[in-house]
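Try each task with the sequence and structure in view before reading its solution.

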Amino acid sequence: MNVLVTGGAGFIGSHTVVSLVEAGFNPVILDDFSNSEAGVLDGLEHILGFKPKTYPENCRNGDTLRRIFHEEKIEGVIHFAAFKAVGESMQQPLKYYDNNVGSLIILLQTMLECGVSNLIFSSSCTVYGEPDTLPVTEETPVKPASSVYGNTKQIGEEILYDSVAAGNALKIIALRYFNPIGAHPTAAIGELPRGVPNNLVPFITQTAAGLRESLTVFGDDYPTPDGTCVRDYIHVLDLAEAHVSALKFLLEMKATNYYDIFNIGTGHGASVMQLIQTFERVTGQSLNYKIGPRRAGDVTAVYADAYKSEQHLGWKATRSMDLALADAWRWQQAIATDKNPA
Ligand code: UD1
């Protein structure tokens, strides 16, 4: 079965392409490479033994989508393509609303027009904001978004809900990702942030590799056991496999009109300090870090109750944080020699 993967050259997208092939699906990538490198396709070829069919185009174009749906006989879509830099989203809100919300609307319109009904949407645990209770279930109230990026995910979920509630022939799952880390164990694909990384693990691996002088821990005065923020770090391959489980779930169901939301996390919270210590233990590297002030917009703690995903999708995370950090480090070492981040 042919599956369109928008943003398939990105971090989560590329790992999902691998998981799809392993599960017997035929992924077709649509990616404009605005935040990814063509070298990802070489990495995929190394792992898969072939280069997945790729359309190097923007997905916010109905003509492009229509053409691909017909040419490739697409039966399902996994929609990763979006901008994701929280800080930039505050500086350039229209760029984010236009791309993230605009692409979803055009995608849904074209799916309806072309009779493609199955969709997996990338949402984020950012929709829970600072939750009142932990772990967060899918029933935990959504909080007003603290960033434009976060708001594009909330609006995205509302658009999906309303489109299905209107009775359209659409079967849709929104996956609320917690914090993806790690890389493919071959180190042929992984996370490739441009410029200074915003996320913790790429910053750690670049610091250990000597590309950054030191890591700043953003605050150690939070009301957590060691004072640093707590997150649910999940191996990107576990996250990738959740998409395969969700897609199979949609394909097997009898309903023709369906929308639901699932948390995709491990169910375990880890603090920034725990993550640093685990990285040092697993890799044998000693990390140069210092404690700095809190980062605006960070929540104290968020981690998933992943029971619903296990119960309905038959999916749960199986890989450890040790493995994820070892894989992230192996990937960093593989790229340190030929990629020199600004
Ligand atoms: C961030 C985004 C979130 C997005 C997610 C995608 C913010 C506020 N949130 O989540 O919307 O969905 O990335 O992966 O940007 N940290 C440090 N030093 C660093 C970098 C991070 O101490 O140099 C800490 C942060 O304070 C946080 C933890 O590490 O406690 C994880 O940070 P990060 O990887 O940026 O993820 P989130 O902030 O959880």
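**Exercise 1.** Determine which aromatic cluster F249 belongs to in this predicted model.

**Exercise 2.** Classify the aromatic pair formed by Y161 and Y259, and work out which parts of the chain it ties together.

Solution. Begin with the total, which comes to six aromatic pairs. In the pair of Y161 and Y259 the centres are 6.3 Å apart and the planes stand at 80 degrees; because planes over 60 degrees apart count as edge-to-face, this pair is edge-to-face. Next, locate the partners: Y161 lies in helix 6 and Y259 in strand 11, so the pair ties together parts that are 98 residues apart in sequence.

**Exercise 3.** Carry out the analysis for F279 and W329.

Solution. Their rings lie 5.7 Å apart, centre to centre, with 85 degrees between the planes, which makes the pair edge-to-face. F279 belongs to helix 9 and W329 to helix 11, 50 residues apart, and the pair thus links distant parts of the chain. F279 counts as buried at 0% relative accessibility, and W329 counts as buried at 9%.

**Exercise 4.** Describe how helix 1 (residues 11–22) is covered, and what follows it.

Solution. Of the twelve residues in helix 1, ten are buried, so that the helix is mostly covered; F11, I12 and G13 are among them. After the helix comes G24, whose phi is positive, near 95 degrees.

Definitions and conventions. Residues numbered from 1 in each chain as written. Predicted model: local features only at pLDDT ≥ 70, side-chain atom pairs only at ≥ 80, totals over all residues. Heavy atoms only, no water. Buried < 20%, exposed > 50% of the residue type's maximum accessible area, 1.4 Å probe, protein only. Helix = DSSP H or I, 4+ residues; strand = E, 2+ residues; numbered from the N terminus. Phe/Tyr/Trp six-rings, centres within 6.5 Å; stacked < 30°, edge-to-face > 60°.
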